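Welcome! Take a moment to look over the structure below, then follow the short tour by topic.

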Amino acid sequence: MKTLTTTEELAQFCDMARTQPYVTIDTEFLRERTYYSKLCLIQLAVPDFGGDDAVLVDPLVGDMSLEPLYELFRDTSVVKVFHAARQDLEIFFVEAGVFPEPLFDTQVAAMVCGFGEQVGYETLVRRIAKQSLDKSSRFTDWSRRPLTDAQKKYALADVTHLRKIYEFLAGKLEENNRTHWVTEEITTLTSADTYTLLPEDAWQRVKTRTTAPKFLAIVRELAKFREAYAQERNVPRNRVFKDDALIELASTKPGSLADLGRSRLLLREARKGEIADGILKGVKAGIECPQSDMPKVANPKDKAQVNPALADLLRVLLKAKTEKSGVASKLIAPTSDLDRLASGERDVPALSGWRREVFGEDALRLCDGQIALTAKGSSIKIIKL
């Protein structure tokens with residue numbers, strides 16, 4: 001189990017990897033005490049040739065630059081293979097503004113190949129690589145040094161088994177002419193918008209039962225301050241104040257430190273200093289927000305009426321398409337897409353790209369009364385009208 005601790009060692013491995021068709025990649029990180037993930041370990045592997053084909057990269061030891069790895073990411077002749085890549089990609093985007101290209105995500109590929117929804121790595125190892133994983137180091141502090149042999153073995157398994165999984169899934173996709181389906185899905189993973197949360201948009205993630213514009217204006221200002229504060233100081237947003245405290249503050253509208261002191265849910269540290277000042281300024285800005293600038297949430301009564309019978313028929317059609325294609329239903333069309341279709345909307349993901357090919361065309365025909373559904377034994381059949 002070789003561990004790379006210098007830039008030179010990393011460069012040598014990456015130079016060798018650039019001669020290979022693919023490299024498998026995983027990371028270990030911590031995020032409990034920070035806003036952004038703290039990168040603790042990188043695992044890399046190339047096709048098995050019996051030598052140093054799998055290594056650990058330790059960015060916490062010495063003064064290592066990860067630029068050789070980023071150069072490998074930019075080399076489009078080598079496929080970069082991850083499983084459930086989103087969090088890994090966020091780390092590299094935040095650190096260096098770089099995305100691996102081309103990218104292959106085995107979780108996405110497995111969903112397309114009939115392994116179910118959000119299939120886990122352990123399941124794929126068992127079903128494809130015919131191996132089992134040692135889970136003893138799953139919950140560990142990856143920032144502590146030295147790493148134990150058990151930790152190293154556990155970490156390397158995340159990229160060594162991934163080789164066989166990738167080769168199997170890539171072969172299946174090629175065989176079924178579905179490689180472009182995965183390519184479409186991965187576009188979202190390599191978009192900067194996926195990992196960029198603007199403070200002014202943070203309020204949309206706060207769940208609230210009240211939709212009064214003035215209340216939402218205060219929520220927006222408080223969430224904006226909290227997000228900016230957390231990003232600037234690299235602390236979790238809940239360490240600034242939690243959502244329930246934010247809702248309480250938007251309801252009580254404190255105007256002074258004395259008012260903050262009466263909050264039931266606000267942390268003691270947030271009742272003084274910069275956080276307290278930010279809260280009071282946010283509440284004031286929300287109260288004084290002009291009517292024209294207040295947030296607006298669509299009233300359910302204003303939304304197009306969902307046809308429940310049609311929505312049910314679309315669910316039956318989706319089930320039939322899922323069984324025929326072997327693709328996870330939520331990947332084709334989540335329930336929200338079906339309801340939007342049943343209400344007359346047409347600007348939905350289920351009607352674009354490969355989804356239209358698998359489901360969307362017949363979904364439109366069903367909505368337009370051009371086809372009907374009938375049961376034959378345990379199967380659903382489509383009848384043209």
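S325 lies in helix α13, residues 308-325; helices here are DSSP runs of H or I with at least four residues, strands are runs of E with at least two, and both are numbered from the N terminus. This is a predicted model, where local features need pLDDT of at least 70, side-chain atom pairs count only at pLDDT 80 or more, and totals for chains, interfaces and linings use all residues. Residues are numbered from 1 along each chain as its sequence is written, and side-chain values use heavy atoms, with hydrogens and water left out.

**Around S325**
- S325 counts as buried because its relative accessibility is 14%, and buried means under 20% relative accessible area, exposed over 50% and partly exposed in between (1.4 Å probe, protein chains only).
- Leaving aside neighbours within four places in sequence, S325 is in contact with R178, I332 and V358 (contact means heavy atoms within 4.5 Å).
- A polar atom of the S325 side chain lies 3.2 Å from the backbone nitrogen of V327.

**Around T148**
- You can find T148 in the loop between α5 (121-129) and α6 (149-175).
- T148 is partly exposed, because its relative accessible area is 40%.
- From T148 to S137 is 11 residues in sequence and 9.6 Å in space, C-alpha to C-alpha.

**The sheet**
- Strands of a sheet pair through backbone hydrogen bonds, either parallel or antiparallel.
- Here, 6 strands form an open sheet with mixed pairing, in the order β1-β4-β3-β2-β5-β6; two strands pair if DSSP finds at least two bridges between them.
- At the edges are β1 (2-4) and β6 (103-105), each pairing on one side only.
- On average, neighbouring strands of this sheet are turned by 30° against each other, direction ignored; axes are lines fitted to C-alpha atoms, for helices over the stretch in contact, and angles run from 0 to 180 degrees between N-to-C directions.
- Strands β1 and β4 (residues 54-57) run parallel and are joined by 3 bridges.
- L4 has V57 as its bridge partner in β4.

**Helices across the sheet**
- Helix α1 (residues 7-17) lies across β1, β3 (38-45) and β4, and runs at about 115° to β1.
- Helix α2 (residues 67-74) lies across β2 (22-30), β3 and β5 (79-82), and runs at about 110° to β5.

**A stretch from the record**
- UniProt, in an unreviewed entry, places the feature "domain: HRDC" at residues 212-293; its positions are given in the numbering used here, feature names are shortened, and annotations may be inferred rather than shown by experiment.
- Over residues 212-293 the chain is 66% helix and 0% strand, with the end C-alpha atoms 13 Å apart.

Notes
A polar contact is a pair of N or O atoms within 3.5 Å; within protein, one must be able to donate a hydrogen and the other to accept it, and residues adjacent in sequence count only if both atoms are side-chain atoms.
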